[in-house]
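This briefing covers salt bridges, a sheet and a surface patch. Please look at the structure first.

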Amino acid sequence: MKRRKLREDELELWRQVARTADKLPGGDRLMPEETSKLGSVPPQKSEFAPDPLPRFQLGQTAPKRPESQPIPKSPGERLLQDGVRMDKKAHTRLKRGKLVPEARIDLHGMTLDQAHPALVRFLMTSFTRGLRLVLVITGKGQRADPYDPMPLRRGVLKQQVPMWLRMPPVAQVVLQVTEAHIRHGGSGAYYVYLRRDR
């Protein structure tokens with residue numbers, strides 16, 4: 001849409017208003033016929049104008065990302081970060097495979113839907129029977145494909161069981177979870193140390 005030019009009477013009215021108006025600091029007024037030429041008018045420097053920004057490059061202060069993505073931690077490494085909540089001497093004997101589990105459950109070969117209720121039932125029954133150390137066998141999982149484009153976690157149950165042990169109702173009866181010694185299944189099983197029944 002094309003702008004129309006101001007008529008002579010409109011220009012005269014504008015000049016009268018411009019003569020009576022007080023000038024603002026930092027710039028001259030433009031007449032309406034000059035407003036269309038704003039692109040050619042150099043900007044007026046104001047005394048209130050902020051200092052110009054220093055030169056910068058987008059993202060220059062952002063932390064550098066590593067070249068490669070870290071390989072996900074194994075469940076055993078994550079369990080080590082939890083710390084020891086049971087007796088230290090008993091925990092040392094447990095890690096060395098000196099303590100014998102009082103009961104065991106083999107979840108190897110079960111689906112997640114079958115394994116979760118079986119694990120809950122087993123742990124709650126063991127707790128009510130007064131057992132302290134039980135062995136949960138998950139299996140190590142299938143071997144990872146060496147040609148996979150990204151690292152994958154092995155063993156669905158191996159990954160899921162430590163999370164289940166932190167959820168109610170079994171979280172209230174579990175004191176410590178540790179990866180089993182090689183004589184009791186190694187990384188394919190977990191020692192679950194239960195609390196005392198009060």
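The side chains of R7 and E10 form a salt bridge, with N and O 3.6 Å apart; the term stands for a side-chain nitrogen of Lys or Arg within 4 Å of a carboxyl oxygen of Asp or Glu. The model is predicted, so local features need pLDDT of at least 70 and side-chain atom pairs count only at pLDDT 80 or more, while totals for chains, interfaces and linings use all residues. Residues are numbered from 1 along each chain as its sequence is written, and side-chain values use heavy atoms, with hydrogens and water left out.

**Salt bridges**

- By this rule there are 7 salt bridges.
- R7 and E10 also belong to a salt-bridge network that includes R4 and D9.
- R7 is partly exposed at 47% relative accessible area, and E10 is partly exposed at 22%; buried means under 20%, exposed over 50%, and partly exposed in between, with a 1.4 Å probe and protein chains only.
- E8 and R15 meet in a salt bridge at 3.9 Å, N to O.
- In that pair E8 counts as exposed at 57% relative accessibility, and R15 as partly exposed at 26%.
- R19 and E12 form a salt bridge whose closest N and O atoms are 3.8 Å apart.
- R19 is exposed, at 59% relative accessible area, whereas E12 is partly exposed, at 34%.

- β3 pairs with β4 (residues 189-194) in the antiparallel sense over 5 bridges, and V174 stands opposite L194 in β4.
- Helices (H or I, at least four residues) and strands (E, at least two) are DSSP runs, numbered from the N terminus.

**Surface patch**

- L53, F56 and L58 make a nonpolar surface patch of about 450 Å².
- Patch residues have over 30% relative accessible area and no salt bridge; like charges are joined within 9 Å, and nonpolar side chains (Val, Leu, Ile, Met, Phe, Trp, Tyr) within 5 Å.
- L53 lies in the loop between α2 (32-35) and α3 (75-80), and counts as exposed because its relative accessibility is 73%.

Note on methods. Accessible areas come from the Shrake-Rupley method with a 1.4 Å probe; for residues, only the protein chains shown count as cover. Two strands pair if DSSP finds at least two bridges between them.
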